[in-house]
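Subject: Two-chain model, handover

Hello,

The sequence and structure are below, followed by notes on what was found. Please look through them when you have time.

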Amino acid sequence: MALTGRLGLLALLGCALPILLPSWWTLLAVWAVLAAGVAADLALAGNVRALVFHRSGDTSVRLGEPARVALTVENPGRRRVRALLRDVWPPSAGATPRTARIDVPAGERRRVDVALAPTRRGDRHAVTVAVRSAGPLGLAARQLSREAPWRVRVLPAFPSRRHLPAKLSKLRELTGNHVAMVRGQGTEFDSLREYVDGDDVRSIDWRATARRADVVVRTWRPERDRRLYLVLDTGRTSAGRVGDVPRLDCSMDAALLLGALASRAGDRVDLLAYDRRVRARVEGASRTDLLTAMVQAMAPLEPELVESDAAGMVSALLSRVRQRSLVVLLTELNEAAFEEGLLPLLPQLTARHIVMIASVADPRVAEMAASRGDLAAVYDAAAAERARAERGRLVAELRSYGVEVVDAPPDDLAPALADAYLALKAAGRL
Amino acid sequence: MVTGLAAPPEPTARQVAGRRFRTARGVVLALAALIIVAIALAALKPTARETDLDPASPSPGGSRALAEILRQHGTPVTVARSARQAAELATSDSVTLVTRGERLTPAGIDRLRAAPGDLFLVQPTQDMLAALAPGVDEAGPSFERTGAPGCAVRAAILAGDVEFGRSETYNAPAGAASCYVSGGHPRLVQLPVGSRTVTVLGAGAPLANDMLDSAGNAALAMDVAGARASVVWLIPDLPPPGDDSGRKSLGELVPFGVKLFFLELLVAVALLALWRARRLGPVVAEALPVVVRSAETAEGRARLYRAHRARDRAADALRSGVRERLVPLLGLPRGAAQDPAAATEIVTAVALRTTHDQATVHAALYGPAPDGDAALVALSDLLDDLERQVRES
């Protein structure tokens, strides 16, 4: 039940009567009229309890894009329902309009469209639907909140997908599937074909040539069916914001581009998100649903404010991955965290796998290092130089273990990581 | 020396005190004004004491002396502590002397009006004047100390000049005797009301112990009070607490309709509050993500350097950063940047490619910590210049 402003206004007007007719009876009469109006409205208002809600619409949306969810209100009662309806969503779902007026005749249904503009990644659940159905006098209303569950999963934005065509054409050059048929790089035997002008004479297969009248060359291609294991660090260092985007989101973007590229290159890609325990895992996904599976797994991930457990992560990896793989670790190059955590365990990992570490560099540090002018700016520059030197030392140490390090600002990380992967592939190191 | 420090200089104690005073100024002034008003009110308030004009009190403000003198002169003085008692004691040949009339209730004033005998009202209230001395009104206070009789009242003529101190003056009706005029208004009025004579005196001083011997005070008081065979001295006790007979509370004065109006207003406000209080759907709470800026550690370290004026560490960081970037440009092995043995080699190579001489370059890249803030800023500029020139060579 809910009262309206009109009832309050009527009660205010009723204040004048006792001055004109000073008697208890006047006051009681005013109250009786108000009470009768409220009772009539409550009795005659449309029945909200009987309403049935149905939902339809988007279940997932990329961050930054709008989603539409439709709420259908069915009125199985015998009276028309004129009501104010609010579809309640969490604030970060960005639901508009906030309230809608519905007018559902008996036995019919009406649709209310809600546009969502989510501001953050993750799952957004519809909280409830509140309906307020006012009576014919507009003095009182029946009000009820009813569950109408729906979930919209807000997926990572994946802005670096615009780099994918360029990286794929690079990949085609490598594999020799290019329009201009050149000899593919790589070490894996692909096929025999007739010699054409321009082919490298070193690739002529003399044995096959002897068997046939033509000169036959061998073609190679890069190895296929290698394994990639992408590891997202969701610990405290991933919460740090570069610009206004958490490190974790940059890492996800880079992982998605690499995953998309590697699956096209014929490699198998697995994903693990880890801090002190496994937060998400994608294993054995087929080439076609890899990207969907990765995006779905990443959507609800949030940075956890705990120190990542490097030992646990390494043991989880080693127990899971038997075959030699490229392990891509997306984390922050933090000297203190590395020295205590991952650094002592790296030999175990590098002995069996190729390890690549990708990290987001903060452009703010570069900006600070370049600041000059007054004393504060020079101290800023000194602190930034110190941070860079520490990072440089860590990178050098990691490289001495044979680890590939990709350290790039947020916008360049995804393409840089893809390039590093393609370079490894071209060199036949996978 | 130009420090270039962004932080303002430390304020002096005087500045701090001044700032604190300015922020608290309003409160201090308000308190001071309050205290001054309180003192003024206390000073202006007439200091009427419980025992003033009490015929049993020997205190300076009391009137025991007058009562005793009246008794010694053969006029019996009976003290009444309530209007009822005074009305019972009064006879047609008595004078009822009423002091501290502000303590009388309306009912008491009515009793006095009905009582027989003369009345001597000392500092009466306006209500008493209206009931007991019709036609006499208060006309404002007079501060003239003494006064001459200037009338035909026998007691006044006999007493001559009288010392009043502060006194009330009156407008006297026609037919009344007006004595001791001050500012055009009399301080003593005598008039016949029906069969009795009513005397109104605007000051209590002529009756008080301490003033009785001044001028003709005693004569005036004795002659007026002792004009008849006996004196009934009425000094009403304070009404007992809780006895508010004759007084109406605010509630009784407000008309019934207005009360109902406020009741209905209350109901209306409650209804409006209920209307506003009812939400359409709940408030939704959700966990917000943490916001930690990634460069916070570097910025924090910069502020620590600044707070501790760590010029040595800052210079070290800047120098090693520049060396790291110079070494590959000079074609030297990467390790040379942090290797002290390679210092001469680096300095020579840099000096060759720049306009600076070896000593300057050595001081820039390997020199001691700068001894001032300006020197640190200059060092950073010099290092920038070296790096730029090597890059462009």
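Strand 16 (residues 240-242) of chain A pairs with strand 12 of chain B in the parallel sense, over 2 bridges. Pairing here requires at least two DSSP bridges between two strands. Opposite Val292(B), which is in strand 12 of chain B, stands Gly240(A). Helices (H or I, at least four residues) and strands (E, at least two) are DSSP runs, numbered from the N terminus.

This is a predicted model, in which local features need pLDDT of at least 70 and side-chain atom pairs count only at pLDDT 80 or more, while totals for chains, interfaces and linings use all residues. Residues are numbered from 1 along each chain as its sequence is written, chains are lettered from A and ligands numbered from 1 in the order in which they are written, and side-chain values use heavy atoms, with hydrogens and water left out.

On the interface: chain B contributes 52 residues to the contact and chain A contributes 64, where contact means heavy atoms within 4.5 Å. The two chains bury about 5,000 Å² between them, with 66% of it on carbon and sulfur atoms. Buried area is the accessible area (1.4 Å probe) that two parts lose on being put together, summed over both. Of the area that chain B buries against chain A, 15% comes from Glu264(B), Arg278(B) and Leu280(B), more than from any other three residues.

The interface of chain B and chain A has 5 salt bridges, each a side-chain nitrogen of Lys or Arg within 4 Å of a carboxyl oxygen of Asp or Glu. Arg120(A) and Glu286(B) meet in a salt bridge through their side chains, at 3.5 Å from N to O. Several elements of chain B each supply at least two residues of the side that touches chain A, including helix 9 (256-277) and helix 11 (311-330). Helix 9 of chain B gives the most to that side, with 13 residues.

Over all chains the salt bridge count is 43. Within chain A, the side chains of Asp249(A) and Arg121(A) meet in a salt bridge at 2.8 Å, N to O. Asp249(A) lies in helix 6 (residues 247-264) and Arg121(A) in the loop between strand 8 (109-116) and strand 9 (122-125), so the pair ties together parts of chain A that are 128 residues apart in sequence.

Regards
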